[in-house]
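Colleague: Please take a close look at one part of this model for me. I would like to know how the chains meet there.

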Amino acid sequence: MATEPVLFPTCLGDIVMPEAVRHAVVTLRACGVAPRPVRNATCCGQPGYNAGHHDEARRVARRTLRVLDRTDGDVIVPAGSCAAMMRLHWRELFAGTRDERAAVRVGRRVRELSTVLADRVDVVAARGLAWPGRAGYHDSCHMLRELRIAVEPRALLGHVRDLELVPLSSSERCCGFGGTFSVRYPEVSVAMADSKLDDARQAGVDVLVSADPGCLMQLGGRATRRGDGPRVVHLATLLWEAGLR
Amino acid sequence: MTAAPDPALLARIAPTELRPGEDPVTRFVREARLVQTAVEVTTRDRLAAAVTEALRAEGARRVAVAADLAPLRYEMAARLREAGIEAVRYEDVAPDRDAVRDLDATVTGCMAAVAATGSIVTGGAAGRGGALVAPVHVCVVERSRLFDGLLALLRALPDLGAASAIALQTGPSRTADIEKTLILGMHGPKAVHVVVVVDAPATPAP
Amino acid sequence: MTTLRPDPLTTSTFRERARAQLAKPFLREAVPKATDHAVAALRTRFADHDYEALRELGRAIRAEAIADLDRHLADLEQALVANGVRVHHAADAGAARDLIRGIVRDAGGRTVVKVKSMATEEIDLNPALAADGVRVVETDLGEYVVQLDGDRPSHIIAPIIHKTRGEVRESLSRAVGRELPDDAAALTGVARAQLRDAFMEADVGISGANFGVADTGTICLVTNEGNGRMCTSLPRVHIALMGVERVVPRMTDLAVLLPLLTGAGTGQLVTSYVNLLSGPRRPGEPDGPEEMHVVLLDNGRRALRGTPYEEVLHCIRCGACQNVCPVYRQVGGHAYGWVYGGPIGAVLTPLFRGQRDGGELSQATSLCGACDDVCPVKIPLHDLLLSLRRDRAAAGVAPRGERIAARLWSWAWAHPATYRLSVRLARAASLPARHPAVARRLPLAGRWAAGRTLPRPARRPYHRRLR
């Protein structure tokens with residue numbers, strides 16, 4: 001039986017960066033993957049889970065889990081930390097509940113966006129993408145350390161002509177978002193974002209690319225407030241701008 | 001229950017072990033110099049001269065020689081006198097803190113040394129303070145006491161003779177507490193000279 | 001637990017303390033510089049070696065030690081006693097203080113020289129000894145300056161990482177009563193001379209213990225300055241305070257743990273001095289203490305066995321997790337408010353001080369996981385932090401506002417209809433909130449908007465494009 005990949009926009013993707021979600025869908029299609037965005041899924045529950053409120057997180061995530069369990073293909077997620085939450089932490093969150101098996105089932109199907117695109121890197125290469133400028137890549141912590149995805153996004157950017165991928169010494173350092181951390185300790189959180197933006201500025205990048213809406217909201221929000229930072233964009237958006245559409 | 005570390009495995013993965021086929025003396029000299037130890041490899045007949053030269057180079061006037069170098073102490077006596085260096089027995093000054101304080105240098109042997117780390121192992125008959133209390137420490141290392149790596153040393157400790165305290169010393173005393181600036185000679189010596197005695201004619205250190 | 005010094009943990013929040021630290025320009029410059037240096041040194045150290053395999057061996061040794069802690073401690077005690085060491089057991093900080101005060105009193109101790117020890121910080125030993133009229137002198141350069149200033153160490157192995165050379169110069173100048181030059185070598189020289197006097201006068205030396213080796217009855221003490229050797233060579237009595245978890249089964253285990261400790265801590269192959277202390281001076285030895293005591297400190301450690309937090313007992317206190325922590329990088333160790341800062345402090349403080357006093361610290365991390373990746377004995381700090389947060393929520397000690405917010409969120413986002421409604425409401429509220437003055441007054445959003453542009457919910461969220 002043929003399976004149909006679906007795309008889970010995630011809450012931040014849905015609410016604050018729907019364009020990036022759209023770009024994710026378009027770039028996937030350009031690579032021959034046609035995901036159906038799911039409706040009625042809200043959030044993976046990560047904000048509550050990470051803050052220690054498991055009951056509350058379970059209630060929220062249960063809706064998303066059940067919606068996704070009714071689908072059958074890859075669950076493509078354009079957000080590194082949500083993908084990590086669903087792949088790795090859902091089974092613990094739902095352990096001992098009647099959704100436990102569903103959590104394992106769906107968790108296994110979860111794929112972070114850049115890994116899906118990187119599987120079609122030959123298609124990407126053949127598209128003759130171009131984007132003039134200097135770009136830095138920011139590793140989402142959970143994408144890097146929980147899912148061990150670091151090569152894929154960089155490989156994709158490597159196929160964009162005229163794009164100079166500038167290595168940043170701070171690329172693997174946390175941006176300071178950390179979910180509720182960002183509002184619990186705003187001064188520390190902002191200082192952490194500043195140290196990233198300072199480094200990006202010093203490296204002279206035009207754009208800071210990441211594949212996690214949480215990081216993008218944090219770094220973008222701070223860069224806008226400072227007014228001197230680089231542009232901060234989702235990987236899908238940059239690939240879309242480079243012609244992957 | 002895990003077992004004691006496997007030497008072959010450790011040699012492959014730990015920086016404190018000798019790599020297979022690596023020459024112990026060469027590695028010792030390299031590592032010791034990397035941590036600001038002055039090293040010379042010499043033969044037995046040149047030992048007294050080498051130690052005297054090290055003391056003279058540091059401008060030491062009053063030195064204590066530890067008991068584990070008893071014979072050498074007398075072999076060196078004439079040379080030291082010639083160089084204007086007063087030598088006393090460490091065990092004689094050890095109980096007198098003022099006398100210890102006046103020392104410019106101590107000369108000791110060592111129980112062992114570790115090639116992979118450039119370390120000397122002091123203690124036992126030489127005492128705890130012998131290698132420590134003066135601004136300059138000159139240490140004589142017998143090639144036969146040079147262990148390949150840390151594991152070999154730790155395994156051999158029971159055979160090295162009972163000692164209430166031994167110290168693996170690697171380079172001069174140091175601190176970087178003030179703005180990460182490296183300063184040698186915090187509490188222990190600020191200069192350490194190691195003379196490695198090989199019985200065969202020494203290959204000149206690189 | 002009683003503390004003799006003001007306890008920031010119960011009188012201020014992490015946010016308040018962090019703000020105070022963020023306002024220190026030198027700290028903001030020095031801490032990243034020093035910690036980056038240490039991280040780079042670690043990478044260089046293991047560049048040609050298999051750090052992963054070595055830390056797996058380290059993990060296994062620590063797990064073995066903790067899994068059968070009581071047996072290894074019994075072995076250690078037996079071997080220590082056979083070596084002529086007197087062994088004492090302290091159930092908590094107060095008992096440890098009293099034991100040490102008693103030993104010092106019995107020894108007629110007037111001057112105590114100390115080797116840097118986090119365990120003695122944990123039991124707040126110095127004020128207790130001072131109250132007995134004993135002169136206590138910290139002999140690690142950094143700890144000495146900390147003591148002169150009535151300060152606290154801010155890093156496990158680099159206690160004055162937060163101080164400038166100028167501040168050190170002021171402290172030392174005050175101590176010697178003359179203006180000293182602004183030069184690290186000169187300042188170090190002055191401290192050396194001061195401390196040399198103390199060593200010569202001291203009756204008692206007090207140290208911690210990096211490891212207690214069970215099969216040989218040996219206390220392992222690692223330093224760079226040589227003060228560990230001094231404190232355990234010159235005074236008549238040596239007391240080592242050792243957390244019970246620091247036991248290792250075999251001397252040969254140090255062939256794994258030492259390169260992990262020093263490599264992860266400073267990037268050194270081995271520190272300048274590794275002291276292996278197996279008892280008081282023996283006949284035929286020219287020097288050394290007449291008495292050696294080991295005080296085994298529990299203070300909540302054994303109770304962690306069999307809990308989800310057992311692995312925190314594997315810690316060898318190298319400081320590597322502090323060096324890679326992006327939060328520590330900004331605020332330093334004092335923001336954490338107790339003895340241990342950084343990720344390990346965020347875990348240990350709630351465990352040792354309880355959820356009520358210390359629980360907040362489990363939130364003082366962005367959960368980036370860098371500490372997990374660097375820990376030389378592979379403690380899953382990230383998971384432990386998550387567990388602590390969960391316990392905190394369950395214990396009901398989280399602030400009321402947070403609990404209400406979590407419930408509201410859960411209620412609204414569990415259903416697509418209410419989720420969508422919340423998005424529409426947020427969109428409506430975001431219009432006036434575009435004005436920073438308004439945004440700053442909003443409950444949660446205000447905290448975001450203080451330094452960042454508030455993200456505006458899209459006019460057409462993605463779900464509305466799917467109709």
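Modeller: Start with B:Ala167, which stands opposite C:Asn275 in strand E9 of chain C. This is a predicted model. The two strands involved are E9(B) and E9(C), the latter covering residues 273-277. They run antiparallel, and five bridges join them.

Now widen the view to the whole contact between these chains. Here 51 residues of chain B are in contact with 64 residues of chain C. Several elements of chain B give two or more residues to the side that touches chain C. The helices are H1 (7-13), H5 (90-93), H6 (97-101) and H7 (150-156). The strands are E9 (165-169) and E10 (174-175). E9(B) gives the most, with five residues. By residue type, this side of chain B divides into 24 nonpolar, 16 polar and eleven charged.

Chain C also touches chain A. That contact takes 46 residues from chain A and 48 residues from chain C. On the chain A side, each of these helices supplies at least two residues: H1 (11-15), H2 (18-30), H3 (46-51), H4 (54-69), H9 (141-145), H11 (181-184), H12 (186-202) and H13 (213-226). The largest share, six residues, comes from H12(A). The residues of chain A that touch chain C divide into 21 nonpolar, 13 polar and twelve charged.

To return to your part: the E9(B) strand is joined to E9(C) by five bridges, and B:Ala167 sits opposite C:Asn275.

Note on methods
Residues numbered from 1 in each chain as written. Chains lettered and ligands numbered in written order. Predicted model: local features only at pLDDT ≥ 70, side-chain atom pairs only at ≥ 80, totals over all residues. Contact = placed C-beta atoms within 7 Å. Helix = DSSP H or I, 4+ residues; strand = E, 2+ residues; numbered from the N terminus. Nonpolar A, V, L, I, M, F, W, Y, C, P; charged D, E, K, R; others polar. Pairing = 2+ DSSP bridges.
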